[in-house]
Amino acid sequence: MKAAYIQKYGQAKITLGNLDKPRVVNSNQVLVKVSFTSINPVDLKIQQGKLKSLLHFVFPLILGNDYVGIVEQVGSQVKLVKVVQRVSGRISKQQISTFCEYLIDEVENMAIVPEDISNEQAAALPLVGLTAHQALFEKMQVKPGESILIHAGAGGLGSTMIQLAKNSGLKVITTESAQNHPFLYELGADLVIDYRTQDFIEVCPPVVYVFDMIGGKTLLDSFKVVKSYGKVVSVSGLPDKKFAQSYGLTLFWQQAFEFVSRKITQAAKKAQAEYEFLFMKPNGQQLATLFELIVNHQLSVQIDRQYDFKDIQAALDYVAKGHAKGKVIVKI
């Protein structure tokens, strides 16, 4: 099968070639013929080796996390999906591989795609939709009437987060460059801050929740606007000791993450707020719920650009620039 892969961490350009077609080996696995995939910033982090302390792969490594396609074969215990059904999912972290013609995934990670949803929408949603869902309802446990600051609202994750937050009755504040302000107000943002000309610390009123996709100074400064006993959730900050323990990492990594995240821990303590590092997990049931929101016109999937498979490197390069307005998808 055709595939886009790397031979080692740090490989600058992805390799296009042919690899063996995967086989169903476990009773809960499903073989999917991939129609579309999408590009996420985490794909670049994996390519660069930035997540090798958390995820362990063998090479050659086919990149990619989101997919939509047709079921071609199912394991002996699979009951939820059938051959020729259209399914979508965020593939298991242990076997990421969606930049390819065929993939194997566990059935619990996937959802049947409703007829009213396009392949493009179904490929773009899983990772960003599940991340936003788990941040709001698992980590933050949001309550209607409260306020949230969402950094970098125009991207695929930010635009999804804004909509889900508004659906939950939150007052939504977000940061973005001026040209994206009309787009974000259309999505439901109550206040948009131009990060290029304004300091969000000075403009943003105190909020109960902050969702961070930038890390670094932006994450640390977020504790200056969060209320006491509020929550700051980040997908780009550093994992802390609490995360390392919950993820089942060794004592060495627990101590290592405790050390590298000490500035974040100190900022959270000073603000009397809670810090959570989010490493989202695949979940087919949650994805099915998100599909229902799309069908009911309560959630829209924002797609910036579409590329053909042969141009997947150009798609990765575009996402790496950090200016995508919504998701970037690839037709396999």
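# Reading a predicted model, feature by feature

Modeller: Let's start with Trp253: at 32% relative accessibility, Trp253 counts as partly exposed. Keep in mind that this is a predicted model.

Biologist: Why does Trp253 count as partly exposed?

Modeller: You compare its value with two cut-offs: under 20% is buried, over 50% is exposed, and anything in between is partly exposed. Trp253 has 32%, so it lands in the middle class.

Biologist: How do I read the way the rings of Phe252 and Trp253 sit together?

Modeller: The general idea is that a pair of aromatic rings is described by the distance of the centres and the angle of the planes. Here, the centres of the Phe252 and Trp253 rings are 5.2 Å apart and the planes stand at 80°, so you'd call the pair edge-to-face.

Biologist: How many aromatic pairs does the structure hold?

Modeller: There are 9 aromatic pairs. Another one to look at is Phe243 with Phe277: the ring centres are 5.0 Å apart and the planes are at 80°, so this pair is edge-to-face. Phe243 belongs to helix α8 (residues 241-246) and Phe277 to strand β14 (residues 274-277), so the pair ties together parts that are 34 residues apart in sequence.

Biologist: Are Phe243 and Phe277 buried or exposed?

Modeller: Both Phe243 and Phe277 are buried. They also belong to a cluster, in which ring pairs link Phe243, Tyr247, Phe277 and Phe279.

Biologist: Which residue has its charged end over the ring of Phe259?

Modeller: That's Arg262, whose charged end sits 4.0 Å from the centre of the Phe259 ring. You can find another case at Tyr318, where Arg305 lies over the face of the ring, 3.8 Å from the ring centre.

Biologist: On to strands. How do β3 and β5 pair?

Modeller: For any pair of strands, look at the direction and the bridges. Strand β3 (residues 29-39) runs antiparallel to strand β5 (residues 66-74), with 8 bridges between them. To place yourself in that pair, find Phe36, which stands opposite Val68 in β5. Then carry on to strand β6 (residues 86-90): β5 and β6 pair in the antiparallel sense over 5 bridges, and Gly69 stands opposite Val87 in β6.

Biologist: Which strands pair with β16?

Modeller: Among them are β3 and β15. β3 and β16 pair in the antiparallel sense over 4 bridges, with Ile39 opposite Val328 in β16. β15 and β16, on the other hand, pair in the parallel sense over 5 bridges, and there Gln306 has Ile329 as its bridge partner. Strand β16 (residues 327-331) is mostly covered, with 4 of its 5 residues buried.

Biologist: What is the strand order in the open sheet of 3 strands?

Modeller: It's β2-β1-β4, with antiparallel pairing. β2 (15-18) and β4 are the edge strands, and each of them pairs on one side only. Strand β1 (residues 2-6) and β2 share 4 bridges in the antiparallel sense, and Tyr5 stands opposite Thr15 in β2.

Biologist: What about pockets: what volume does the second largest pocket have?

Modeller: About 380 Å³. It has 18 lining residues, and the closest to its centre are Pro22, Ile62, Gln95, Ile96 and Ser97. β4 (61-62) and β7 (102-106) are the elements that give two or more residues to this lining, and β7 gives the most, with 3 residues. By class, the lining has 12 nonpolar, 4 polar and 2 charged residues.

Biologist: Last topic, the backbone. Where is there a cis peptide bond?

Modeller: Check the bond from Phe59 to Pro60: it is cis, with omega near 0°. Pro60 sits in the loop between α1 (41-48) and β4. For another backbone feature, look for positive phi in residues other than glycine. Gln272 has phi near 55°, and it lies in the loop between α10 (262-271) and β14. His297 has phi near 60° and is found in the loop between α11 (284-295) and β15 (303-308).

Biologist: How accessible are Gln272 and His297?

Modeller: Gln272 has a relative accessible area of 45%, so it is partly exposed. His297 has 75% relative accessibility, so it counts as exposed.

Technical notes. Residues numbered from 1 in each chain as written. Predicted model: local features only at pLDDT ≥ 70, side-chain atom pairs only at ≥ 80, totals over all residues. Heavy atoms only, no water. Pairing = 2+ DSSP bridges. 1 Å grid on protein atoms, 1.4 Å probe; cavity = no way out; pocket = protein on both sides within 12 Å on 5 of 7 lines; lining within 4 Å. Points joined across faces, edges and corners; volume = space filled by probe spheres on them. Nonpolar A, V, L, I, M, F, W, Y, C, P; charged D, E, K, R; others polar. Phe/Tyr/Trp six-rings, centres within 6.5 Å; stacked < 30°, edge-to-face > 60°. Buried < 20%, exposed > 50% of the residue type's maximum accessible area, 1.4 Å probe, protein only. Lys NZ or Arg CZ within 6 Å of the ring centre and 35° of its normal.
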